[in-house]
Amino acid sequence: EESEQEVIVGNHVCPHNHDGSSGSMESLALVDMIKELWFKYHVAVDRIVTDDDSSMAANCRRSSEQNDKGMLPHPIKEPMFVADPAHRKKTLRNKLYKLLSQKKDDRLDLSAMGIVCLCKNFIYYIRSSTNMDEDERVRKAAVIYEHHFDCHDYCGNFCRRKLELETGDDEQSEKFYRCKVRNKELYVRIKSIIDEYITKDR
């Protein structure tokens, strides 16, 4: 086994300009770009599509009593943060699988197939909400879990189950749906998890 040898680095142009973590580097770099766009090019950043990085959002604000991490000077406009749908689906799925990993009594009869269906509902909702205003988008987001529990008041034309119920053909259906009465505890838990991701702020 060869012993490690000290490597002598020659003179070079070193791009090293950050001493913190890679996560903090990302948010600080974004702050620098927003400031440069504003002061050098007179451009305001209106919105930023990103993951659920709370430190990034906090840094890209003006400092205040509520947020002492803000790093944007006055009068730079604070950008709006919106979530990347693909990352939001991944975050939601991970939270649901965390519930599934609990012991049997605590997982409230949640199944892996149930998580697949809920995430599929989430994608259907995202695709159908592009032309909705903000209030309608928040209200109809309930379709993600309501459809799963056989309530189709929020469903659009994509929902075959809604059509079956309206035409009376539901007796022939072989599809399985959870029930808000029989599975009340699961409904409350799933609703509380998904509601975190469908507010106006998020």
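Asp109 is partly exposed, with a relative accessible area of 48%; here buried means under 20% relative accessible area, exposed over 50% and partly exposed in between, using a 1.4 Å probe and protein chains only. Asp109 sits in the loop between H3 and H4, where helices (H or I, at least four residues) and strands (E, at least two) are DSSP runs numbered from the N terminus. The model is a predicted one, in which local features need pLDDT of at least 70, side-chain atom pairs count only at pLDDT 80 or more, and totals for chains, interfaces and linings use all residues. Residues are numbered from 1 along each chain as its sequence is written, and side-chain values use heavy atoms, with hydrogens and water left out.

The backbone at Asp109 deserves a look as well: its phi is positive, about 70°, although Asp109 is not a glycine. Leu108 also has a positive phi, near 60°, and is likewise a residue other than glycine. Leu108 is placed in the loop between H3 and H4, and it counts as buried because its relative accessibility is 18%. Another backbone feature is the peptide bond from His74 to Pro75, which is cis, with omega near 15°. Pro75 belongs to the loop between helix H2 (54–59) and strand E2 (80–83). For context, most residues other than glycine have a negative phi, and most peptide bonds are trans.

Thr50 is part of strand E1 (residues 47–50). With a relative accessibility of 13%, Thr50 counts as buried. Residues up to four places away in sequence aside, Thr50 touches Met56, Phe81, Val82, Ala83 and Asp84, contact meaning heavy atoms within 4.5 Å.

What does Tyr145 contact, leaving aside its neighbours within four places in sequence? The list is Leu118, Tyr187, Ile190, Lys191, Ile194, Asp195 and Ile198. Tyr145 counts as buried because its relative accessibility is 4%.

The aromatic rings come next. A search of the whole structure finds 2 aromatic pairs. Rings of Phe, Tyr and Trp (its six-membered ring) pair if their centres lie within 6.5 Å; planes under 30 degrees apart count as stacked, over 60 as edge-to-face and the rest as tilted. Tyr145 and Tyr187 form an edge-to-face pair, at 6.0 Å centre to centre and with 75° between the planes. This pair joins distant parts of the chain, with Tyr145 in helix H6 and Tyr187 in helix H8, 42 residues apart. Tyr187 has a relative accessibility of 13%, so it counts as buried. Phe149 and Tyr187 are also paired edge-to-face, at 5.1 Å centre to centre and with 85° between the planes. Here too distant parts of the chain are linked: Phe149 lies in the loop between H6 and H7, Tyr187 in helix H8, 38 residues apart. Both Phe149 and Tyr187 are buried, and ring pairs link Tyr145, Phe149 and Tyr187 into a cluster.

The second largest pocket has a volume of about 470 Å³. Of its 17 lining residues, Cys117, Asn121, His147, Lys175 and Tyr177 are the closest to its centre. On a 1 Å grid over the protein atoms alone, a pocket is an open set of points where a 1.4 Å probe fits, with protein on both sides within 12 Å along at least five of seven lines; lining residues have an atom within 4 Å of a point. Grid points are joined across faces, edges and corners, and the volume is the space filled by probe spheres set on the points. Helix H4 (112–128) and helix H7 (160–167) each supply at least two residues of this lining, and H4 gives the most, with 6 residues. By class, the lining has 7 nonpolar, 5 polar and 5 charged residues; Ala, Val, Leu, Ile, Met, Phe, Trp, Tyr, Cys and Pro count as nonpolar, Asp, Glu, Lys and Arg as charged, and the others, Gly among them, as polar.
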